[in-house]
Amino acid sequence: MNVSLKGKIVLVTGGSRGIGAAIAKELGASGATVALHFRKNEAEAQNIVQTIGNASRAFQANLANAKEVINLYKQVMTNYGRLDVLINNAGIALSSDFVSEDESWLEEWDLQYAVNTRALALLCKKAIADMKKNNGGRIINIASRAAFRGDTLDYLAYGSSKGAIPAITRSIARYCGKDNIHAFCIAPGFVRTDMAQDFMDQYGEDFALNDIALNALTQPKDIAPMVALFASGLADHATGCTLDINAASYVH
Ligand code: NAD
């Protein structure tokens, strides 16, 4: 199997660290031109796009702000003229004390929905309009095991904001297939990143390890090759699917 993404323009959100950085590097190594979105860490984003080469570039945006999401998309289109693959990876997981004040709980609820769900859907909306004109494209959305298994009450907003992602992905797959647009979802379990570290600081590393069927926690490099496969076109007939990568901690 030869995964080649040569000549493909790919937008990866949240690409300066964690799973997004691993995805960007993997796709770049397969020949893609990566439009790498970052929120804060410009130095690392620039470092990654320079390492990738292929005319890859970094783009800044706070995805909690819908205007910045639209502007991000516009900048990518202005720069490259088309988008072949959209990878919605950016996400935020907050532990919101279930018995906290309603006001702060709602603020954290809204923020997680804005980044994890609304920004993802808005980028899908923008990309689909252009992909229809350009004879198709592929969309890969990073959800979470929490979308299916559920999460703790403190992560209620996170889990439910991720729960919408398979539904968005399936709708796109079912109603854009004739336009040659394919959509896939990946649902990771624990992956060793800054995000998972926050959870482990709260619940302990043993909690995470005891939860899985393998001996080691999943790493970002265990996710990235599957994204490359979906992006390549070799798995187009799996459109609409969700791929679980959770070390058998939740098998359904
Ligand atoms: P991470 O915290 O290292 O990376 C998250 C990325 O999202 C960062 O680049 C961050 O800048 C970006 N981001 C967050 N809020 C943003 C905002 N307001 N505007 C723009 N960008 C923003 O975490 P990660 O583990 O690499 O997570 C990547 C994806 O994988 C997320 O969608 C996450 O929900 C999902 N996921 C992670 C795990 C895990 O255990 N690490 C498990 C399941 C799903």
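Predicted model: local features only at pLDDT ≥ 70, side-chain atom pairs only at ≥ 80, totals over all residues.

Residues are numbered from 1 along each chain as its sequence is written, and side-chain values use heavy atoms, with hydrogens and water left out.

Now the polar contacts, meaning pairs of N or O atoms within 3.5 Å. A polar side-chain atom of Thr193 sits 2.6 Å from a ligand oxygen. A polar backbone atom of Ile19 is 2.8 Å from an oxygen atom of the ligand. On the nitrogen side, a ligand nitrogen is 2.9 Å from an N or O atom in the side chain of Asn62. How much of the ligand's accessible area does the protein cover? On its own the ligand has 820 Å², and the protein covers 95% of that, with areas from the Shrake-Rupley method and a 1.4 Å probe.

Next, salt bridges. The rule is a side-chain nitrogen of Lys or Arg within 4 Å of a carboxyl oxygen of Asp or Glu. By that rule the count is nine. As background, side chains of opposite charge can pair when their charged atoms come close.

Helices here are DSSP runs of H or I with at least four residues, strands are runs of E with at least two, and both are numbered from the N terminus. Arg17 is exposed at 52% relative accessible area, and Asp194 is partly exposed at 45%. The cut-offs are under 20% for buried and over 50% for exposed, with partly exposed in between, using a 1.4 Å probe and protein chains only.

Lys132 and Asp179 form another salt bridge, their closest N and O atoms being 3.8 Å apart. This pair spans 47 residues, from helix α4 to the loop between α6 (156–176) and β6 (181–188). Lys132 is partly exposed at 43%, and so is Asp179, at 29%.

Are Arg138 and Asp236 buried or exposed? Both are buried, and their side chains meet in a salt bridge of 2.7 Å, N to O. Arg138 is in strand β5 (137–142), and Asp236 is in the loop between α9 (224–232) and β7 (242–245), 98 residues apart. Elsewhere, salt bridges with shared partners join Arg145, Arg149 and Asp211 into one network.

Back to α7, residues 194–203, where Ala196, Phe199 and Met200 are buried. Seen down the axis, the buried residues fall within an arc of 100°, taken from the directions from the axis to the C-beta atoms, so they line one face of the helix. Their cover includes α8 (205–211). Just after α7, Gly204 takes a positive phi of about 95°.

Last, Thr117 in helix α4, residues 102–133. Thr117 is buried, because its relative accessibility is 10%. Leaving aside neighbours within four places in sequence, Thr117 is in contact (heavy atoms within 4.5 Å) with Gln112, Ser161, Ala164 and Ile168.

How values were computed: Polar contact = N/O pair within 3.5 Å; in protein donor to acceptor, adjacent residues only side chain to side chain.
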